[in-house]
Amino acid sequence: MSPPTTSWLLLIVSMPTGSASARMRLWRSLKQLGCGALRDGAYVLPAGEAREQTLRALADDTLREGGSAWLLTMQAGSGAEEDSTRALFDRRAEHAALATSLVEARGALATLAPQEISRLLRKLRRELESLRAIDYFPDDAALLTESAWLDLQHAAESRLAPGEPQAGDAAIVRRDRAQFQDRLWATRRHLWVDRVASAWLILRFIDPGARFLWLATPADCPLDALGFDFDGAAFTHVGELVTFEVLIATFGLGDDAGLQRLAAMVHVLDLGRGFVAEAPGFEAVLSGARQRAPDDDALLAEIGPVLDSFYTYFSTSAT
């Protein structure tokens, strides 16, 4: 039995009997935080500055509603108490339910249209991110959920973007942008996050005179074209880097803070791992533009200014 090691935040609250709406708001907030309930009116979270601030705000709200509230820091008195407190945060049932949903979604992909797949992925990503946020002591159940999510991601990519590149381990060689001007660039058609962002990067920072060819299959790439974001292309995934990141490294753009933050957003959306607050917003805009645009030229023309705005925001806002 493990000795006590965790510091805990203990919120003890009591609402007036006539404050039904305030009581419901409090309950929803505590549920969203993933608090453990020691008993009715006594809730715990692992200690942390951000969580303490959030619980302090809930305590203040309770006092304003005429209730009573105490926010305390505590530590279990024994290993048994530590283990029983941690058990309040057992998320195995929630992981099992989500993993089942992910596996079922994987099996249904063949019957869904691309727009339906994108909506389903957004919904399940939100559910996964919500569970991650309250899974304070992840275990093997969390690993199984992550594995099911990655499997769904890869299967969806195969449906939405046939020919999605596999990461290679080749070294990234620095290139001189002057040698890559007014060239023909080629990638798979039906642009999505990494490809549309890479095309924008090429036009904006590498080859302003670039012309683009959207391929039905990578095998259609002409010999005189610079391929990107498919297996065997001149520029594609390397290790943990997506094509957008590889282009930044290849052409010496890594010192640009705005591009680095854009790269983080593209990375999260392309690989489905990590968190960037702005990523869901960009994905939603791109999904809508993709449904409206008659072809990939029109899609790039519409998304280019969006990426310009993100770049300006990331370049000028605090990290």
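Biologist: Is the crossing of α5 and α6 left-handed or right-handed?
Modeller: The model is predicted. In it, α5 and α6 pack with their axes 11 Å apart, at an angle of about 160°. The crossing of these two helices is left-handed.

Biologist: Are α5 and α6 roughly parallel or roughly antiparallel to each other?
Modeller: The angle between α5 and α6 is about 160°. Angles over 145 degrees count as roughly antiparallel. The relation of α5 to α6 is therefore roughly antiparallel.

Biologist: How many charged residues does the contact of α5 with α6 have?
Modeller: On the α5 side the contact is made by P114, I117, S118, L121, L124, R125, L128 and R132, and on the α6 side by T145, E146, W149, L152, Q153, A156, R159 and L160. By class, this contact has nine nonpolar residues and three polar ones, and the number of charged residues is four.

Biologist: At roughly what angle do the axes of α4 and α5 cross?
Modeller: α4 passes α5 in a left-handed crossing. The two helices are roughly antiparallel to each other, because angles over 145 degrees count as such. Their axes come within 11 Å, and the crossing angle is roughly 160°.

Biologist: Which residues of α5 make the contact with α4?
Modeller: α4 passes α5 in a left-handed crossing. From α4, the contact uses E94, H95, L98, S101, L102 and A105. By class, the contact residues divide into eight nonpolar, two polar and two charged. The residues from α5 are L120, L124, E127, L128, L131 and I134.

Biologist: Within what distance do the axes of α7 and α9 come?
Modeller: Helix α7 covers residues 193-206 and helix α9 covers residues 257-271. Their axes cross at roughly 160°, which makes α7 roughly antiparallel to α9. The axes come within 9 Å.

Biologist: How many nonpolar residues does the contact of α7 with α9 have?
Modeller: α7 passes α9 in a left-handed crossing. V193, D194, A197, W200, L201 and F205 of α7 meet L259, L262, V266, L269 and D270 of α9. By class, the contact has no polar residues and two charged ones, and its nonpolar residues number nine.

Biologist: What volume does the largest pocket have?
Modeller: Four elements, α1 (20-33), β2 (36-39), α4 (92-108) and α5 (114-134), each supply at least two residues of its lining. The lining of the largest pocket has twelve nonpolar, five polar and five charged residues. The volume of the largest pocket is about 560 Å³.

Biologist: Which residues lie nearest the centre of the largest pocket?
Modeller: In total, 22 residues line the largest pocket. Those nearest its centre are K31, Q32, G34, E94 and I134.

Biologist: Which elements give two or more residues to the lining of the second largest pocket?
Modeller: The second largest pocket has a volume of about 390 Å³. Of its 23 lining residues, L160, R189, H190, L191 and R290 are the closest to its centre. The elements that give two or more residues are α5, α6 (140-160), α10 (279-292) and α11 (296-316).

Biologist: How many charged residues are in the lining of the second largest pocket?
Modeller: The lining of the second largest pocket is made of 23 residues. Eleven of the lining residues are nonpolar and five are polar, and the number of charged ones is seven.

Key:
Residues numbered from 1 in each chain as written. Predicted model: local features only at pLDDT ≥ 70, side-chain atom pairs only at ≥ 80, totals over all residues. Heavy atoms only, no water. Axes fitted to C-alpha atoms, helices over the stretch in contact; angles between N-to-C directions. Parallel < 35°, antiparallel > 145°, perpendicular 65-115°, else oblique. Left-handed = near helix turned anticlockwise from the far one by under 90°. Contact = heavy atoms within 4.5 Å. Nonpolar A, V, L, I, M, F, W, Y, C, P; charged D, E, K, R; others polar. 1 Å grid on protein atoms, 1.4 Å probe; cavity = no way out; pocket = protein on both sides within 12 Å on 5 of 7 lines; lining within 4 Å. Points joined across faces, edges and corners; volume = space filled by probe spheres on them.
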